[in-house]
Amino acid sequence: MSTAMSAGEWNIDMGRHGIERLPPVVYLSSSYYERWLRRLELMLIEHGLVVQDELTSGRSAGAGRDLTRGTFTYARVPTVLQRGSFTRERQGPPLFQQGQRVRARNNHPPSHTRLPRYVRGHTGVVERLHGANAFPDSIVSGKGEDPQWLYTVRFDGRELWGDDAEPGTTVSIDAFEPYLEAVP
Amino acid sequence: LIAVENTPEVHNVVVCTLCSCYPWDVLGLPPVWYKSDAYRSRTVKQPRTVLAEFGVHLEPTVAVRVWDSTAETRYLVLPMRPVGTDGWDEARLATLVDRNCMIGVGLPAGPGGADCWTASTTSAAWTASAPSSPSTTNPCSTSRGRAGRSP
C-alpha cells in the first residue's frame, strides 16, 4: 500500500526521510510496519492527499486531489514493485581513486543523509567506484537528483571502535562523494 | 546487486545500519531480526559476537568483512562450497544454501544434511526477538527441508 500510494508522489529517499521525521517516542514505541503506517499518514497529509480529520474519523471529507500519475490500478502493481535504477550520468571525473585514503566528513546535517554517524571523522580506503548515483541528500531537500559519484569505502575496525574493536574486522559503507574528503 | 565471496581467509556479512536495505527482489522480505535495532547496531561493532550468536564460530585467522548497505547497491554473500560436494551441479548445491547463508549469518549445510554449524541453540537470542522467523530457530533443518525456494 505504501508503495502504491507513493507511486508518483514521493520516492524511496523521501520515504526514508519521512520515517526519520516521526517523533522519537512514536518511532521507538512502534513496530516495524506501524512505523510504515505512521510515515504513510504523515506523508499523505504533507502531500495533500488526505487531511488530519479524515485520518481521525476514518471517513472521507470529500473528493481528494488526483494522484500525480492518475488512478492506481492493479495492472501497475508489478511496475511499482520493480526495483528502479539509481545510476545516473555525471559530468566530470571522480575526485577519488581506488586505494586512496579518505576521511568521512564530520558533518551532522539536520536533514536526511546516508552517511552513518559511526564513520564520521574516520579514515578509510576507497575500494570501489560504483559510478554516479542519484544523491538522496539533495532529493529530500527538493534540489533534484544532483547525481554524485558513489564509492565503497572500507574502514578498519580499530579505526572505528578503538581498542574495543574485535580483531580482524573491517566495515565498508557506500559513500557519496560529498561525504568524503581527501586525507593528506 | 553485488555478490561477495566467502573464502578461507574472509567471511562476509551484510547489514543496513541506517534502515533495513535488503536484496528483497532476490531473497524476498527480510527476516524480522535483520530489521531489529540490535542486529543493525551490533553487527558493525561486534560482528564476531553476533555471528557466534547465530552459530557461526569463525577462527581468529578468518577476517570478518561487514558490508553496510548505505546506498542503493545491494549485497549478497556467496558461501564457500562445502567439503565433499565435488561434482555436484548447481541445482544440487543450491539445496545446501539458505537465506541466512546469503546474508552471511549462516554457513551452508554439509553434504548429506550434516550440521551446517556446530550449535543450534546459540541463536536463541535472535529467535526471541523474531518469533515469526522460523529459519532462525534451526537453520540447518530449514536449509534442508525448504521446498519452495525463492528465485
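Q: What do the side chains of Arg65(B) and Glu127(A) meet in?
A: They meet in a salt bridge, at 2.7 Å from N to O. The term means a side-chain nitrogen of Lys or Arg within 4 Å of a carboxyl oxygen of Asp or Glu. The model is predicted, so local features need pLDDT of at least 70 and side-chain atom pairs count only at 80 or more, while totals for chains, interfaces and linings use all residues. Residues are numbered from 1 along each chain as its sequence is written, chains are lettered from A and ligands numbered from 1 in the order written, and side-chain values use heavy atoms, with hydrogens and water left out.

Q: How many salt bridges are there between chain B and chain A?
A: The count is two.

Q: And which elements of chain B supply residues to that side?
A: Helix H1 (24–27), helix H2 (37–45), helix H3 (47–53) and strand E3 (63–68) of chain B each supply at least two. E3(B) gives the largest share, six residues. Helices (H or I, at least four residues) and strands (E, at least two) are DSSP runs, numbered from the N terminus.

Q: How much area do the two chains bury between them?
A: About 2700 Å², with 45% of it on carbon and sulfur atoms. Buried area is the accessible area (1.4 Å probe) that two parts lose on being put together, summed over both.

Q: Which residues of chain B lose the most?
A: Arg65(B), Thr70(B) and Glu72(B), together 23% of what that side buries.

Q: How many residues are in contact?
A: 31 of chain B with 31 of chain A. Contact means heavy atoms within 4.5 Å.

Q: Back to E3(B). Which strand of chain A does it pair with?
A: Strand E5 (residues 169–176) of chain A, in the parallel sense over five bridges. Two strands pair if DSSP finds at least two bridges between them. Val171(A) has Val66(B) as its bridge partner.

Q: New topic: strand E2 of chain A. Which of its side chains are buried?
A: Val102(A) and Ala104(A), which point to one face. Buried means under 20% relative accessible area, exposed over 50%, partly exposed in between (1.4 Å probe, protein chains only).

Q: Which residues partner Val102(A) and Ala104(A)?
A: Val102(A) is bridged to Gly124(A) in E3(A). Ala104(A) is bridged to Leu180(A) in E6(A).
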